[in-house]
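This report describes a single protein chain for a reader who has the atoms at hand. Please read it alongside the sequence and the model.

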Amino acid sequence: MTRRSRALLIGLGLLLGAVAALAQGTGQICLGAYADDNGNGLRDADEAPITRGVAASLLNERGVTIASLLLIDSAFADDGLLCFDGLPAGDYQVVISSSQYQATTASSARASVRPGAAPARIDFGARRLVGEYLPDPVAIVGALDSAAQQTLLGAGLAAAGAIVVLSLLGVVVYVLVFRRRRRRRAQGSATDQPAGAPASDETEDYLRPRQRLDPNRGSPLLFPDDEQDLPGSS
């Protein structure tokens, strides 16, 4: 299918959506994402559409998020189009986020839905980030509905509570087991020490053999004074 044929089909689909919305008194807001390679903030003829890696959230007049969509889930993702359908007349704001692209245009825009008017369209230009990237938690959470967000929040709180409980349990086990074991070892060492032995904090000089010094020569005596000379000695 050529690019022109695809554009005609997209235009026809949008026209049918507009007719259905007009019959129901509702409207559309569409986002068109494109790869702004030169970063001029304008869509040039040779710039291709972005088909994935973009999320959009729709806010009402009070700033409350009422819908969130991923570009990859759109029926027109191959052409970089993402549409919010069945919107009552009023003023809205579209907030765009991406973990794979850096915006070259505004990442937030306002649009209005009016009965009988053509679908509002917002163009979003971005350049692909170079190198590896990490998923953007804000974009991921923003693309979830309210029930999924509440489930994710509950799981996070439960995980945090489990970490706190395990930490407290570790402290209790340390106090009740390890400190008591160390105390028993210390008491056993004190009991096994023979009576009259010096305390463990005394210096090793206590255990060293004592020598009497000759007051005349200042050197230690090899034999006690009351011992006899050995036979054969002069």
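## Basis and secondary structure

Helices (H or I, at least four residues) and strands (E, at least two) are DSSP runs, numbered from the N terminus. By that definition the protein has three helices and eight strands. Their order from the N terminus is α-β-β-β-β-β-β-β-β-α-α.

This is a predicted model, in which local features need pLDDT of at least 70, side-chain atom pairs count only at pLDDT 80 or more, and totals for chains, interfaces and linings use all residues. Residues are numbered from 1 along each chain as its sequence is written, and side-chain values use heavy atoms, with hydrogens and water left out.

Burial is stated by relative accessible area: buried means under 20%, exposed over 50%, and partly exposed in between (1.4 Å probe, protein chains only). Of the 234 residues in the protein, 22% are buried.

Two strands are taken to pair if DSSP finds at least two bridges between them. Strands of a sheet pair through backbone hydrogen bonds, either parallel or antiparallel.

Ala 33 has Phe 124 of β8 as its bridge partner.

## The antiparallel sheet

Another open sheet of four strands has the order β3-β2-β5-β7, with antiparallel pairing. Strands β3 (65-70) and β7 form its edges, each pairing on one side only. Neighbouring strands of this sheet are turned by 25° against each other on average, direction ignored.

The pairings can be followed across the sheet in its strand order. β3 and β2 are antiparallel and joined over five bridges, with Ala 55 opposite Leu 70 in β3. Strand β2 (residues 55-59) also pairs with β5 in the antiparallel sense, over five bridges; here Ser 57 has Val 95 of β5 as its bridge partner. Between β5 and β7, which run antiparallel, there are six bridges, and Gln 93 stands opposite Arg 110 in β7.

## The disulfide

A disulfide is a pair of cysteine sulfur atoms within 2.5 Å. The structure holds one disulfide, formed by Cys 30 and Cys 83 with their sulfur atoms 2.1 Å apart. Cys 30 lies in strand β1 (residues 26-35) and Cys 83 in strand β4 (residues 81-88), so the bond ties together parts that are 53 residues apart in sequence.

The torsion about the S-S bond of Cys 30 and Cys 83 is about 110°, so this disulfide is right-handed. Are the two cysteines buried or exposed? Both Cys 30 and Cys 83 are buried.

## Salt bridges

Side chains of opposite charge can pair when their charged atoms come close. A salt bridge is a side-chain nitrogen of Lys or Arg within 4 Å of a carboxyl oxygen of Asp or Glu. By this rule there are two salt bridges.

In one, Asp 91 pairs with Arg 114, the closest N and O atoms being 3.1 Å apart. This pair links distant parts of the chain, 23 residues apart: Asp 91 is in strand β5 (residues 90-97), and Arg 114 is in the loop between β7 (108-113) and β8. Asp 91 is partly exposed at 33% relative accessibility, and Arg 114 is partly exposed at 43%.

In the other, Asp 123 pairs with Arg 121, with the closest N and O atoms 3.2 Å apart. Asp 123 is partly exposed at 44% relative accessibility, as is Arg 121 at 48%.

## Nonpolar surface patch

Patches are made of residues with over 30% relative accessible area and no salt bridge; like charges are joined within 9 Å, and nonpolar side chains (Val, Leu, Ile, Met, Phe, Trp, Tyr) within 5 Å. Accessible areas come from the Shrake-Rupley method with a 1.4 Å probe, and for residues only the protein chains shown count as cover.

A nonpolar surface patch covers about 870 Å², and its residues include Leu 166, Val 172, Tyr 174 and Phe 178. Val 172 is placed in helix α3 (residues 146-192) and is partly exposed, with a relative accessible area of 41%.

Terms used:
Axes fitted to C-alpha atoms, helices over the stretch in contact; angles between N-to-C directions.
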